[in-house]
Amino acid sequence: MTGRVNPLRVLVTILFLVLAGSLILPWQIELQHLDRSARLRSATLDLGLRERVGQAGFLAALSGFRAPLAAFLWISAHAAWERTEWGKMVTLFDSVTALQPRVLLYWDIAAWHMAWNASASALQDLTQPSEALRERSARQYVALGRDFLERGIRNNPDDYHLYESLGRLAAAKELNHAAASDAYAKAASFTNAPAYLSRLAAFESSESPGRQREAYQRLLSLYRSGKQQRVPTLFKLLHELELKLDIPEDQRIHDTIPEAPSNVPPASPSITPR
Amino acid sequence: MSGGSPSPSRILAIAGNTFTDLVRQKVFLFLLIFSLMVIGCSSFLARFSFQEEFQMLKDVSLGAMSLFLSFLAILASAMLLPRDLEDRTIFTILSKPVPRHEYLLGKLFGVLYMLLLSTLLLGGLFLAVLLLREQSVLLETRNSLSSSPQELESALAEIRQSAFNWNLIPAMGILFVKSSLIASLTLMISTFATSGLFAILISSSVYFIGHLQETAREYWLGGIAVHWWSRLSAALLALVFPDLQAFNLSDDIVAGKGIPMDVFWQTVALGVLYTAIYYLAACFVFQKREL
């Protein structure tokens, strides 16, 4: 390519771009705030991620290819799962969730793999002869699952799904019914949450020592809220608590238990049933 | 060479020729690669749960669209002026009463038309694969789930929710706006570049720097105690280069976040403004360039 350009013109062009940039700057900042308030462009990439995904991966993430890179790493994590390489999976899940912190699915499934699959695998790991150590290892995986869910909630505080998963994990894997009840109650407090979450909060509360009075009040309130909540488990627990708490006869519920539930909670996890 | 009053027909004629020229160079062959990638990806991802499959199909397809459109914009725009100079076509055109700014506008419109068509084709193909996979999963679920009609309907609704959502359309629109901006920027660089290769290299570098503009801006305005020259460099970076992260909303949109209409239109307007600014700068440099 031949032809000469006047350097002065190039300099004036750069000055023109600086001037135009100065005029656009307040708009850019306002648009950035608008994006952040709509929960867009809010993922931050740190140097820890650079160490995990490598220089090329980090460059790709900085160049606007966070989502495809996350998908690629997710496939690698799936391959690691097929080979039951749990440690590698944790690293990959960390990278995926750092790249796409707004995708609930990644947090939820990462937690499920750790708390359910990895912990079960650790319990059956015959290369570890000590049962105590196997159990300790399983508990550590459950804690990792909880950590994924808690970090997911911090990144997505406006969605009930991860609270629901946290409730399920606390109930099924930690046997901490008070924590499960709190998590389900938090999930149920969202306006778009399904009705069964309020029941699960009350059910878990009824299994939690010292919270039976509170559980009874919750169950009673659900019973009074309408027919949609009157499922057999609710009646069964109400009757049990009436006896345990010695509720006066005239205040007890005397309805008959319906034959079949109108709707049941889905199987775990909340986003991806398996 | 001046050409009197502005003529839309002259601009459209140059745009049409530019488009035809790009088509003759088989730029649309990249569609074949994209098709193989999306279709191959969708069949491979069928091993995952349907939510994972749809999530990754959207991630990979929109990411590939962004990459293809951006690099297509750079490669197509960077070669426009060098090729015309090499073929001496530029002398034939500019010896007629065609002003240089109209020549550049025609060239830019030709590339934008090609980018628009590519966005429509890529987007159409992606949505077709997504809808086909959705129908396939729906059919599979209908045949395999022997539960109550209520539960079946709830499962089908969840599948539909995971697959297509209307926010994918503005996401693709923003990818087109971003590629238009890059095309205009590359055209500006090619007006003072010494070769096509130089223009491609500089534009590719600007592409990466543009994605870090937001970081430079925050560094500049964040009040961090640094040397004055570091702050000046960050300020220059923030002012001269476009904020390409403002057009990277598809990562969050595929995560299920909706894009408010005011954000969408402001992003489009910002892209159009950048495109116009780089076109004006290109005209200024090209006006007095020796050919």
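The largest nonpolar core of this predicted model has 99 residues, and B:Tyr103, B:Leu104, B:Met114, B:Leu115 and B:Phe247 touch the most other members. A nonpolar core is a set of buried Ala, Val, Leu, Ile, Met, Phe, Trp, Tyr and Cys residues joined through side-chain atoms within 4.5 Å. Buried means under 20% relative accessible area, with a 1.4 Å probe and protein chains only. Helix H6 of chain B (residues 100–144) gives this core its largest share, 15 residues. Helices are DSSP runs of H or I, at least four residues long, numbered from the N terminus.

Another core lies apart from it and has 76 residues, including A:Phe58, A:Ala71, A:Ala118 and A:Phe203.

As this is a predicted model, local features need pLDDT of at least 70 and side-chain atom pairs pLDDT 80 or more, while totals for chains, interfaces and linings use all residues. Residues are numbered from 1 along each chain as its sequence is written, chains are lettered from A in the order in which they are written, and side-chain values use heavy atoms, without hydrogens and water.

Contact means heavy atoms within 4.5 Å. Neighbours within four places in sequence are left aside in the table.

| Residue | In contact with |
|---|---|
| B:Phe247 | B:Ile174, B:Val177, B:Lys178, B:Leu181, B:Thr267, B:Leu270, B:Gly271, B:Tyr274 |
| B:Ala76 | B:Leu22, B:Val111, B:Met114 |

B:Ala76 sits in helix H3 of chain B (residues 50–78). Its relative accessibility is 6%, so B:Ala76 counts as buried. B:Leu249 is 173 residues from B:Ala76 in sequence and 24 Å from it in space, C-alpha to C-alpha.

Next comes helix H4 of chain B (residues 80–87). This helix is mostly covered, with six of its eight residues buried. They are B:Leu80, B:Leu81, B:Pro82, B:Arg83, B:Asp84 and B:Leu85. Just after H4(B), B:Arg88 takes a positive phi of about 65°.

The axes of H8(A) (residues 177–188) and H9(A) (residues 196–206) come within 8 Å and cross at roughly 160°. Axes are lines fitted to C-alpha atoms over the stretch in contact, and angles run from 0 to 180 degrees between N-to-C directions. The two helices are therefore roughly antiparallel, a term for angles over 145 degrees. On the H8(A) side, the residues that meet H9(A) include A:His177, A:Tyr184 and A:Ala188. On the H9(A) side, A:Leu197, A:Leu200 and A:Glu204 are among those that meet H8(A).

Technical notes. Buried means under 20% relative accessible area, exposed over 50%, partly exposed in between (1.4 Å probe, protein chains only). Angles under 35 degrees count as roughly parallel, over 145 as roughly antiparallel, 65 to 115 as roughly perpendicular and the rest as oblique.
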